[in-house]
Amino acid sequence: MIVNFLLIVPLLTVLTLLLVKNEQYIKPIALVGSFVQLLVIIGTLIQYLGAASLKNNGAMLLQTDVNWFAPLHIHYHIGVDGISMVMLLLTALIVIAAILVSWKEAFLQKEFFILLILLSFGAYGFFIAIDLFLMFFFLEIAVVPKFLLILIWGSGKKAYSATKLVLMLIGASALLFMGIVGIYYNQPNGLQSLNMLQIAQMQLPYHVQLTFFPFLFIGFGVFTALFPFHTWVPDGHPAAPTAGSMFLAGISMKLGGYGLLRLVMLLMPAAAQFYAPYIILLAAIGILYGAFATMVQKDLKYMNAYSSISHCGFVLLGIGMLTPVALTGAVLQMVSHGLMTALFFAAIGMIYSRTHTRIIEEMGGLLVYMPFISGVFILAGLASLGLPGLSGFTAEMTVLVGSWQQPVTAYRVATIVAAASIVITAVYVLRAIGTVLMGKGKIYSDDTPTDARWYEKWAGIILVLGILVVGIMPFLLLKLISPSILYLPQSIFK
Amino acid sequence: MMQQITLQHILLLSTALFFIGVFGLLTRRNMIAILMSIELMLNSVNINFVAFNKYLYPEKLDGVFFFLFVITVAAAEAAVAIAIIIHLYRYNKQIDVSETEEMRY
Amino acid sequence: MNEGLIVTFLLCLPLSAFVVIRLFTGRRWQIFSGYLSTLVLALTTFFAFIMAWQYFFVYGKMDGAYALFVPIDMNWLVFTNDLSINFSIIIDSISVMMLLVVSFISLMVHVFSLAYMKGEQRYGYYFAYLSLFTFAMLGLVLSGNLFELFMFWELVGISSYLLIGFYYTKPSAVAAAKKAFLVTRFADFGFLIGILMLGGVANNFDIVQMIRSIAQQQALWEGAGTSFLGMSVLTWACLLLFMGAAGKSAMFPLHIWLPDAMEGPTPVSALIHAATMVVAGVYLIARFFPVFQMDATVLYVIAIVGAGTALFAAIIACTQADIKRVLAFSTISQIGYMMLALGVDDSLNGLHEGYTAAMFHLFTHAFFKSLLFLGAGAIIHTVHTNDMHEMGGLRKQMPVTHISFLIACLAISGIPPFSGFFSKEAILSAAYSNHKWLYAIGVVTAAITAFYMFRLYFSIFWNKPLSPVFIKKEGSWLIRIPLIILAVLVLITGFIPFGNFISANGKPLPLEVHFGFSVIPVSLSVLGIFYAAVLYYQQNNLPALLEKSFGWFYITIRQKFYIDEVYLFITHKIVFNVIGNTTAWIDKNIVDGLVNWSAGITYQFSVLIKKVQSGKIQQYVLYFLLGVLCLLAVVLYNN
Amino acid sequence: MMHYYLHLLLPFKQELLLLMAIFILLLLQIFGKKLQQEWTMQWVNLLLLITVLAGFWQVGYSTDVNAMFQLSPLNAFEKSVLAFATYLISLQAYNWLLHHEQIMEFYVLLFSSLLGMFCMISATNLLFFYVGLELSTIPLAILANFHLQKKQSSEAAFKFIVAASFASALLLLGISFLYGSAGSIGFTEIAAHLIVNPFSILAFVLFFTGLAFKISIVPFHLWTADVYQGSPVTVTAFLSVVSKASVLFVSLNFLFSVFHSLEPVWHTMVLILLLLTIVTGNLFALRQQNFKRFMAFSSITQIGFILIALLGQNIAGSAAVVYFMVVYVFSNLCVFGVIALVAATTGKEKIEDFKGFYQTNPFLAWVLLLGLFSLAGIPPTAGFFGKFFLLLSGAQSNYFGWITFAALNLVVSLYYYLRVVVVIFHRESAAVIAPIQIPKPVQFSFFICMAGVIITGVGSWIYTYIYSLAATAF
């Protein structure tokens, strides 16, 4: 089964990297490995589409189910549906871009790339896991490499930030774990299943859902930068190396979103309806709060980190609204935010490596020296502020339209509040563009900062293409996402 | 009237012995005295064993055997402890417990 | 010929020009890029003419009205079966009219720019952005789906941003671009909510369908069940839509970006900030007119805002020294007129004079205002200054510019037989039949308009003798030809029987010019011109005296009623400093502080209890014993 | 008939092997045959390995000998785990022992202690159990003193022997009361006759605290840190891994079968103790500077987590505990191996001394990291699975809220493990530990530990095997 290769290929890449003696082969191997992974994903996509067209719905397909820890009913159970396909593609793109961006990483490069691939391994596994334990396992795998990436290759208050990040995420995992345990022991007829699909079918008792939903919700929510559990984001992202930031914001935060989606859709739909007002409230606060906090940031990376909180709020909003359109929008927003924030961080990294500062006020007129990087930066910014034709627009509009379908006045007010963020987003994006790229040129420590190198260009181009595809041809993604969302029992939609 | 010595009496004795041992253990500064206090405690337990055996379960000699083993083990323990105390004495030229407070917190 | 094909072609041409120039030719083959773009635009204009000819003359009227086609309707982003963003093209009389205006003015601007922008470092990119704007604007007017319209609306905004900020090393240009984008964005926020509301009610985003279903449900949702936060959804939606329109069309109080937008290259101002983009708001309301019609309150609001803005901007225009700013305020004022016209459309009588008048004024205004801007561009190109006080006596130096500028000034002042006269007359007549006091404002504004336009005209071309600094001649033919063409058009467009082609219900509506009605506005305008001549025909100290006599009032006007400062206060002091910094502070000290505090308290606690591990074996034993006793107590108590 | 007797001896094969080793060592000592240190280590290690393997040979059934001794498949496996851990420790002690004069005595004492543990595990009688316990404890006191030139070592030994004696006195008191209330010292009789009354509860609590002392449950843990710090690293490793594992194995038997009737009593008790243990262990570990002392508190916390599983159902609970101990052996020995090596070559034992360790000793750093991550419960290391199963089986009880609290404590424990990681990766530091030559046996032990840390988790068959063993035990 091809799905297994999604896990085998990164593992093999890691192994090869471990065994390689010659330093100069490391980057090519990492790159080739991630490209092979992309090919595998495309192969999976083709198989999935074939299988899905036969079934004519968006069910979990291409499943592999092997008993793993038999006494505890833990299975190695993986499979893909449209949503996971989309997330896999996103991950592959960002990984390739992240490897390209770090092409000149010289310090402990072997470890660097191993950790990067290991991170992606966790993400890939998470997106295809059906067994809850397996999902949790992969989620955790993707935590510690982040810590090491920040700690070893980071900058600034790296030890503090890395520790804080990993502690908050692990704390979230502890809650998640307890949630999973709660599900495990409270199934009808004394079953002890960890199979998401099976749990979805059997429908957990209402009081069980109500009890354990907060555990899982907050657990995944921390990963998605749910207000007020978001504080690892503004510390973690800026301290991380460029590739790390790209990965953190681009993929890691999506793990939580994806988990929430599964939680809301499959595990506890009834509780999701009960808690929807709270989710929406937190999401709306997060969106606006993140946006306002972004506005006054002085450091580019901090800016982007805070904006991530705001953007991820849209994911939460979409999930909380519980309409098919809003959920679709949440998925789109995950993809969109992943791509654009990765691009943003890549651009910031490129700029930083030339100007050696990230403080907005200390830069100016970079457009003259580095048109390509600036172009990428502007594009990411425009995607962020929701320019039509770029990914942010399609995603956010889908969320908003979906949200508006909820006829409750309070929800609509929340939607309006969320929509207000498009103004604030524009404020900080244009402020950054206006100050950093435009205006009078300033003197930097490198006498004449150069434009992007070939690897940086490719990294930028890959992500830009992704953004454009989502922005201009969202129907391609919708073709994957919508059936999988509509495949759910319609009872979850109020 | 002849007074019987009941199990309670013996248990009282052993308990008293035990707590005397504990008190010694907690208050003596001398290492050897501490060791002796521990022996007291062990012996109080021995009394227990024998008493239980004699009063409650006289058909089997479990308690007595246990008492024998405890004595032996206590002897071994004491031997080792004394060896260690002697070793400590070589460093400090005294056997006050306050000399063993180097590692803490 | 298939109109779907034409229109698609028409849209793709500028877009592909943008892509090709931006990605490939923009940097290395600058001149080539300019000509490529112009050529493409010529082709586009050609197709637009074909389209218009076909629509108005080949198909003609059906049942006495111009029909509405939707030649293309493709799904783009499907939300549900009903709700979707489609790539949909709507062809009716106003979209075809706009098509003509946009492509033609854009062509003129392209030609003009070929010479005007010569020597710019980013000459190629300039044309790329112009093409992008043209594409977006054409898309906007052709959109048959409200969300699609919103998308093009945003694209127009961003190309405006790029073009205003074209001289990106100039801080003022960057600031202006930012301001323009942000103010319109703020309005777009309202627009977006309006779209969501309307879409929610109509369960559709297709404009035609929406209008139809809203009309059907009208009775139904004026009831109690559909109110939202105390107002009917219809009113909310229309007001929010108008908010979007007001932002783009620089209506008070969202007008502040337009004067600053003059930081962009002058041809850009002619295209975007005079003729096309800024009237998008008017177009939007016209597009949704059947919906607006249902709510008299909203129409009244539109009329008041329009009239107010017209007067307000006209007053400010009298005091500005920068010729482009004068023109900018005149643009605001004129768009106010158009809004006024839409607002006073008399739906009760079924005459819809206002609607047609608004469109007519939009049409004529496009020509004379772009002519004015291009003329100003030609002047700036020659004298390299924007300040009218530094100019004077330029009439000999640049005869073509002079004559065309004069024609445009007459047109905007509403002097017959220039085009502006006819359209303004229609507006005033519509206002007269609806709200008299609005009519009065309109007339007064017309007089002020005449005054400040001729103040501008006299200051530039007469006033004082030619300064010896300006020895440069009028620009090349590329600059002069557009001026001539536009001047001719300003002369003749007034005579088009506009009501025949465009009216609210498609049926012809004759716009008659009554001599008796025209006397008052025209004579007031002439009076305005007269005063301007008195003050500015020759250099004298009357203007200075006048300024003094008005005192602080004059300064207030010159400072644009301090509205910018108010905005600055709100955005910088309140939003940025108070809200933004407070949020950041809260995040750092309370939300994050809580996280750090919990870590700190754990550590403190750890230090607190370290004494337990005292290193004294006897204490250990004691704790051991106490532990046993406590445990025993708890366990015994529990069982 | 030789065959017949041999068959009788079969249940004791692991104990006999150890006894044999002890005798050979003593004989060699007596006859003054001064063997080369390296050679001694080799054959001793080989013997340990055989002991490990013996635990998998002919153990498909339970054997009972005279109501004293029992060999069940689970017992045999547990002994193998202990022997294997000792084997690894012995490999890692290479650098230290190579120049230690008393190597023979070291092994005699080590094996005696191990033998005591074996007896303890197999005991079905309190007397035999008590003898085993003491046999395992007393040699440890001597071993703690094996840094013969260091005062701290003697101090540790003294504290250990005093605390141990006190604990065993309490244990004995408990045993005597048990005897008094149940009338027997055989496990089966006790299980049958014990009823819930204050006297038996008193007996049980006293007995249990004696055990709790050995696995350093708070508040009976205070000796741990000092003894760990003062003892030679090898002994610390033995104390923290083997000694604890053995008592835990025994407690499984006690709690789930012998004191089964007191279950409600010991559930509350264990809950209180585990919460105290986790919190205290965490709080103390936060501030530690000495690596061994740090590991002491870390191991205290770990014990707290292990106790969670005791709240669960017997099979799943004991499977989780045994499994976790296997994992714990590998992960803890990863860490102790590195500490031992560094201490033996440079004498440095402080966490601060490891600044920039990664730059000079990347391999050792990876070993250390893997161990720490496994202790912290980070996948894909086995520690993750171990922790997961512990909490999972514990959560079956009614104490869901408390267990959630315990799970959140994982965050704190992760913090101090990461503190070490931060130190290891410190980039700018002056006094770095110079590159260390890793001897072959130590390297071998590292490979085993690393493989163990990875494979024990992902390879589910180990857990499944343990589960099946546990299933036969109840």
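Modeller: What follows goes from helix pairs to chain contacts and then to hairpins and domains. This is a predicted model, in which local features need pLDDT of at least 70 and side-chain atom pairs count only at pLDDT 80 or more, whereas totals for chains, interfaces and linings use all residues. Residues are numbered from 1 along each chain as its sequence is written, and chains are lettered from A and ligands numbered from 1 in the order in which they are written.

Two packed helices are described by the angle between their axes and the distance between the axes. The axes are lines fitted to C-alpha atoms, for helices over the stretch in contact, and the angles run from 0 to 180 degrees between N-to-C directions. Helices (H or I, at least four residues) and strands (E, at least two) are DSSP runs, numbered from the N terminus.

Helix α7 (residues 158–185) of chain A and helix α19 (residues 400–424) of chain D have axes that come within 9 Å and cross at roughly 155°. The helices α7(A) and α19(D) are therefore roughly antiparallel to each other; angles under 35 degrees count as roughly parallel, over 145 as roughly antiparallel, 65 to 115 as roughly perpendicular and the rest as oblique. The crossing of α7(A) and α19(D) is right-handed, where a crossing is left-handed if the near helix is turned anticlockwise from the far one by less than a right angle, and right-handed if clockwise. Among the residues of α7(A) that meet α19(D) are V166(A), I170(A) and F177(A), and those on the α19(D) side include L408(D), V411(D) and Y415(D). Two residues are in contact if their C-beta atoms, placed from the backbone, lie within 7 Å. The residues of this contact of α7(A) with α19(D) divide into 15 nonpolar, three polar and no charged, with Ala, Val, Leu, Ile, Met, Phe, Trp, Tyr, Cys and Pro counted as nonpolar, Asp, Glu, Lys and Arg as charged, and the others, Gly among them, as polar.

Within chain D, helix α4 (residues 73–92) packs with helix α12 (residues 233–258) at an angle of about 180°, their axes being 10 Å apart. That makes α4(D) roughly antiparallel to α12(D). By class, the contact of α4(D) with α12(D) has ten nonpolar, four polar and one charged residues.

Turning to whole chains, 36 residues of chain A are in contact with 37 residues of chain C. On the side of chain A that touches chain C, the largest share, ten residues, comes from α18(A), and that side divides into 26 nonpolar, nine polar and one charged residues. The contact between chain B and chain D takes 31 residues from each of them. On the side of chain B that touches chain D, the largest share, 16 residues, comes from α3(B), and by class that side has 24 nonpolar, four polar and three charged residues.

Strands come next, and two of them pair if DSSP finds at least two bridges between them. In chain A, strand β1 (residues 61–69) and strand β2 (residues 74–80) run antiparallel and are joined by six bridges, and F69(A) has I74(A) in β2(A) as its bridge partner. The hairpin of β1(A) and β2(A) has four residues between the strands, and H73(A) takes a positive phi near 60° there. In chain C, seven bridges join the antiparallel strands β3 (residues 69–78) and β4 (residues 84–91).

Finally, an automatic or database domain assignment gives chain C a domain 1 (295–558) and a domain 2 (565–638).
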